[in-house]
Structure formats: structure tokens, C-alpha cells
Amino acid sequence: MAKRFFQNRTAVFTTFAVLLIALIGIFAPVIAPNDPYETNIINKFASYSVQYPLGTDQLGRCVLSRMIFGIRPTLGLAALTMAGTIGIGAVLGIIAGYFRGIAEEIIMRIVDVMLSFPSQIMVFAVVALLGISVQNVIIANVFIKWAWYARMIRTGVMQYRDKNFVQFSRCVGMPERFILFRHLLPSITSDLAVLASLDIGWAIINISTLSFLGLGVQAPTPEWGAMLNEAKEVLTRNPTQMLAPGIAIVALVCCFNLLGDAMRDVLDPKEVAK
């Protein structure tokens, strides 16, 4: 698998790009040229310069520094959302697909109900009920997405539960825990990796959208969606202020989408060949 990964230029490039962005966010206090919270009304809407490579916003804050610090909430919240979504979806999907019976009926009926509502409306409803905060944004995104993962993982588990290696483990009396963690979970790991790498782009857009609408990360915390929200207020006076966060969101989502496609090629080359 490692050989196929390094032979796939898209996988290598997108992985490098994502890791580089993550590292920039981690070391933001060292890399950022200025304090992202420092205001200076006199220097508002300053043009590009050595001190302010991407200029300043309506409060005179360094746009580049806010972009760098904005990586943390934008990418970090998306990663937390996907971790919670996959965790809940994997547990319930494995239970439904492997044990079947009444557990499957209950879980899948709940999944059907969850998937019957438009996702964005559900997100707004959850945030409206729980209140505006970063934690509630994560809860809302996990709440609307776990059902889709549970259904996908259940389908994957059902494909492997009757395979010969699983049947052999049952015949020799291996415990269910051994079968789940040594056979079924490794078998669906590649599918989970592909789904997660594709859907983290969705999580980034969703979190940025909520911040743009004022329902997510609140000012003055630097976050790309929140920066777009602030930039739209001065769109007629300084339209270029929207370029940096807008392009950054598009570029990062494209990287994850390309990474998901590349990971599918690397982890399941036979399926791609078909």
C-alpha cells in the first residue's frame, strides 16, 4: 500500500499540502508576522506591504496573521466533527450490521428518520435549540451526519460478516470482541479513511457557513468563515478583503476532495480498475 501511495502523485501532493497547512496552524504564534487581535484604526484597509503581506481589515488587523491563526478553528473543528461522526456512526453501524436482529431494526429506523430531514435545516435547528457556541456547532454537525455513516458502515460490515475468515473464527470459538476488532474493523478501515477524507471538506464548509451566518465561531476569534462575515460588511469599500478567506476555504476543501479520491485509488485499486 505504501508503494501505491507514493506512486500516486495526487495522494502525495494533497497529503503534503494538508500536513503543511496543519503545521502552519499549529505553529501560528511563531509564523504569524503580527498579533491577529491587535487593532489599529489608523491603518485600516492598508494595502499589501512587508509588514502586512495581505493588507489589513476594517479594524487595522493583519489579514495574513488572522488567516494563519484561523487554520486552528477551521481545520480543528472540522477534525473534531469528523472524529465524533465516525465514532458514533462506526459503533452503531457495526452493531447493526454484525448483530442484526432487534438492534438493527431500532438503529436503522432512527437512521431513516434522521436522513429524512434536510441536513442544513437540522443544523440550524440544533444550534437554535442549544445556543450559539463552538461546542454546539460541533454537536449539530455530528448530530446530522452520524446516521449517514452508520448506514454506510453497516453495509460494509454486512459484506464481510459472512466471509470465510469470519466464519472460521466463529467455528473455533473466538469471542465476538476478537472478530470485531481483528477482522471486521480492519476490513472497513479503508472505506472509513476514504469517507472521512472526502467528508472533512463538507465539515469545513458547514462550519465556515455557520460562522459566516454568525452562528459559529464569534468575533474577534480569527476563523475563515467569520472573516468572510466581517468582510461582507465592508464589501463596497474593500472587496478584496473577502479574497483571502474565500480562496483559502475553496483550496482546503479541494485538497481534501482530491485526497479522498486519491486514497480510494490507493486503498482499493481493484474497484477503480472496474
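Colleague: Which backbone oxygen lies 2.8 Å from a polar atom of the side chain of T81?

Modeller: This is a predicted model, so the distance is computed from predicted coordinates. T81 is in helix α4. The polar atom of its side chain has a backbone oxygen 2.8 Å away, and that oxygen belongs to L77.

Colleague: Is T81 buried or exposed, and at what relative accessible area?

Modeller: Leaving out residues up to four places away in sequence, T81 touches I138, N141, V142, A203 and I207. Buried means under 20% relative accessible area. T81 is therefore buried, with a value of 0%.

Colleague: How many helices and strands are there in the chain?

Modeller: From the N terminus on, the elements run α-α-α-α-α-α-α-α-α-α-α-α. The C-alpha trace spans about 75 × 45 × 30 Å along its principal axes. The chain has 12 helices, and the number of strands is 0.

Colleague: Among contacts between residues at least 6 apart in sequence, what share joins residues at least 24 apart?

Modeller: The chain has 274 residues, of which 43% are buried. For contacts between residues at least 6 apart, the share that joins residues at least 24 apart is 69%.

Colleague: Which element gives the largest share of the largest nonpolar core?

Modeller: That core has 63 residues, and those with the most contacts inside it are V111, I153, V157, L184, I204, W224 and F256. The elements that give two or more residues to it are α2, α4, α5, α6, α7, α9, α10 and α11. The largest share is 13 residues, and it comes from α9.

Colleague: Which residues is I204 in contact with, leaving aside its neighbours within four places in sequence?

Modeller: I204 is one of the residues with the most contacts inside the core. F256 is also in that group. With the neighbours within four places left aside, the contacts of I204 are T74, L75, A78, L252, V253 and F256.

Colleague: How many residues of α10 are buried, and which are they?

Modeller: At the start of α10, a side-chain oxygen of E223 reaches to within 2.8 Å of the backbone nitrogen of G225. The buried residues of the helix pack against α4, α9 and α11. α10 is mostly covered, with 7 of its 9 residues buried. They are W224, G225, A226, M227, L228, E230 and A231.

Colleague: E230 is charged. Which side chain does E230 meet in a salt bridge at 3.0 Å, N to O?

Modeller: The count of salt bridges comes to 10. E230 is in helix α10 and its partner is in the loop between α3 and α4, 169 residues apart. The partner in the 3.0 Å pair is R61.

Colleague: What is the N to O distance in the salt bridge between D112 and R151?

Modeller: D112 lies in helix α5 and R151 in helix α7, so the pair ties together parts that are 39 residues apart in sequence. D112 is partly exposed at a relative accessible area of 30%, and R151 is partly exposed at 31%. The N to O distance of this pair is 2.2 Å.

Colleague: Which residues do salt bridges that share partners join into one network?

Modeller: E230 and R61 meet in a salt bridge. Through shared partners, salt bridges join these two with others into one network. The members are D57, R61, R66 and E230.

Colleague: Is E104 buried or exposed, and at what relative accessibility?

Modeller: The side chain of E104 meets that of R100 in a salt bridge at 2.8 Å, N to O. R100 counts as partly exposed because its relative accessibility is 30%. E104 counts as buried, at 7%.

Note on methods:
Residues are numbered from 1 along each chain as its sequence is written. This is a predicted model: local features need pLDDT of at least 70, side-chain atom pairs count only at pLDDT 80 or more; totals for chains, interfaces and linings use all residues. Side-chain values use heavy atoms; hydrogens and water are left out. A nonpolar core is a set of buried Ala, Val, Leu, Ile, Met, Phe, Trp, Tyr and Cys residues joined through side-chain atoms within 4.5 Å. Buried means under 20% relative accessible area, exposed over 50%, partly exposed in between (1.4 Å probe, protein chains only). Helices (H or I, at least four residues) and strands (E, at least two) are DSSP runs, numbered from the N terminus. Contact means heavy atoms within 4.5 Å. A polar contact is a pair of N or O atoms within 3.5 Å; within protein, one must be able to donate a hydrogen and the other to accept it, and residues adjacent in sequence count only if both atoms are side-chain atoms. A salt bridge is a side-chain nitrogen of Lys or Arg within 4 Å of a carboxyl oxygen of Asp or Glu.
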